[in-house]
Amino acid sequence: GLSTLVLVVVVVAGALYSLPDVRQLEKCFTTSMYEVRLCPGGPNYVKLKEISPYAIHAVIASEDGSFYSHEGFDFHEMEESLTANLRSGKIRRGGSTLTQQLAKNVFLGKEKSLWRKVKEAYLAVTLERHYTKDFILEKYLNVVEFGPGLYGVKAAAQRYFHKLPSELNPLEGAYLAFLLPNPKVYSRGFNAGKLTPFGRKMISVILRRMSSFGKLSGAAYQTAVAQIDSFPWL
């Protein structure tokens with residue numbers, strides 16, 4: 001009855017209250033999921049203004065098109081992913097915003113459960129309440145995985161293209177964005193020196209989205225698409 005409901009609410013509230021303090025992001029600390037040292041001023045850290053706009057917009061176009069307009073959640077995307085998951089009977093589609101992904105990568109473990117999604121959601125809303133979108137995006141790009149043992153856009157730009165993050169072109173930005181849903185698997189094509197048909201398709205989809213969002217001129221889009229097949233683009 002009512003007493004059970006009250007108990008559940010108290011337990012959930014207590015558990016959420018005991019979650020990590022998001023303000024840790026302001027200083028140096030080690031993340032929960034992959035034990036990445038996230039440290040402003042550290043050797044692998046790069047400020048948002050030092051990252052190519054093409055790489056930034058590729059990640060947003062690929063992972064979270066409504067990043068600058070939502071408050072931590074994209075309810076439409078969550079509904080779509082829930083439908084897809086129910087249809088397949090498995091968790092195939094995440095539906096997580098960049099803010100939720102940051103919360104998960106930085107503060108939570110690898111378990112896949114409804115309870116973890118609740119914690120992730122709570123932390124995402126807290127992050128959005130405390131910080132600007134650019135702050136959240138900068139932290140995300142410095143901590144996210146781009147391949148086995150490869151974390152942050154600075155390490156990724158160096159590993160894949162021997163460049164600084166500021167030097168990435170639209171095609172390279174789209175490639176890094178393509179890796180994000182499954183970096184360990186999707187980066188295998190790099191080691192093999194060729195893109196899979198799926199990789200080519202997804203990179204062209206990301207470029208098309210960037211163009212439709214007004215982040216890539218018609219000429220830049222055509223140039224990038226024409227060069228996809230000459231991977232690796234060194």
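Visitor: Why does S96 count as buried?

Guide: Happy to start there, with the reminder that this is a predicted model. The relative accessibility of S96 is 12%. Buried means under 20%, so S96 counts as buried.

Visitor: Where does S96 lie?

Guide: Look at the loop between α3 (75-88) and α4 (98-107); S96 lies there.

Visitor: What makes the pairing of S96 and K117 a polar contact?

Guide: Their side chains are joined at 3.0 Å, and the cut-off for such a pair of N or O atoms is within 3.5 Å. The side chain of E120 also makes a polar contact with the side chain of S96, at 3.3 Å, and that value passes the cut-off of 3.5 Å too.

Visitor: Which residues does S96 touch, not counting those up to four places away in sequence?

Guide: You will find E63, Q101, K117 and E120.

Visitor: How do you know that C28 and C39 form a disulfide?

Guide: Their sulfur atoms are 1.9 Å apart, and the criterion is a pair of cysteine sulfur atoms within 2.5 Å, so C28 and C39 qualify as a disulfide. A search of the whole structure finds 1 disulfide. This pair links distant parts of the chain, 11 residues apart: C28 is in the loop between α1 (2-17) and β1 (29-30), and C39 is in the loop between β2 (37-38) and α2 (53-63).

Visitor: Why is the disulfide of C28 and C39 called right-handed?

Guide: Because the torsion about its S-S bond is about 50°.

Visitor: Why is L5 called exposed?

Guide: L5, which lies in helix α1, has a relative accessible area of 51%. Exposed means over 50%, so L5 is exposed. L5 also belongs to a nonpolar surface patch with L2, V6 and V9, and together they have about 400 Å² of accessible area.

Visitor: What does the chain look like in overall numbers, in helices and strands?

Guide: There are 12 helices and 4 strands. Of the 234 residues, 46% count as buried. The chain exposes about 12400 Å², with carbon and sulfur atoms supplying 57% of that area. Among contacts between residues at least 6 apart in sequence, 67% join residues at least 24 apart.

Technical notes
Residues are numbered from 1 along each chain as its sequence is written. This is a predicted model: local features need pLDDT of at least 70, side-chain atom pairs count only at pLDDT 80 or more; totals for chains, interfaces and linings use all residues. Side-chain values use heavy atoms; hydrogens and water are left out. Helices (H or I, at least four residues) and strands (E, at least two) are DSSP runs, numbered from the N terminus. Patches are made of residues with over 30% relative accessible area and no salt bridge: like charges are joined within 9 Å, nonpolar side chains (Val, Leu, Ile, Met, Phe, Trp, Tyr) within 5 Å. Accessible areas come from the Shrake-Rupley method with a 1.4 Å probe; for residues, only the protein chains shown count as cover. A salt bridge is a side-chain nitrogen of Lys or Arg within 4 Å of a carboxyl oxygen of Asp or Glu. Buried means under 20% relative accessible area, exposed over 50%, partly exposed in between (1.4 Å probe, protein chains only). Contact means heavy atoms within 4.5 Å. A polar contact is a pair of N or O atoms within 3.5 Å; within protein, one must be able to donate a hydrogen and the other to accept it, and residues adjacent in sequence count only if both atoms are side-chain atoms.
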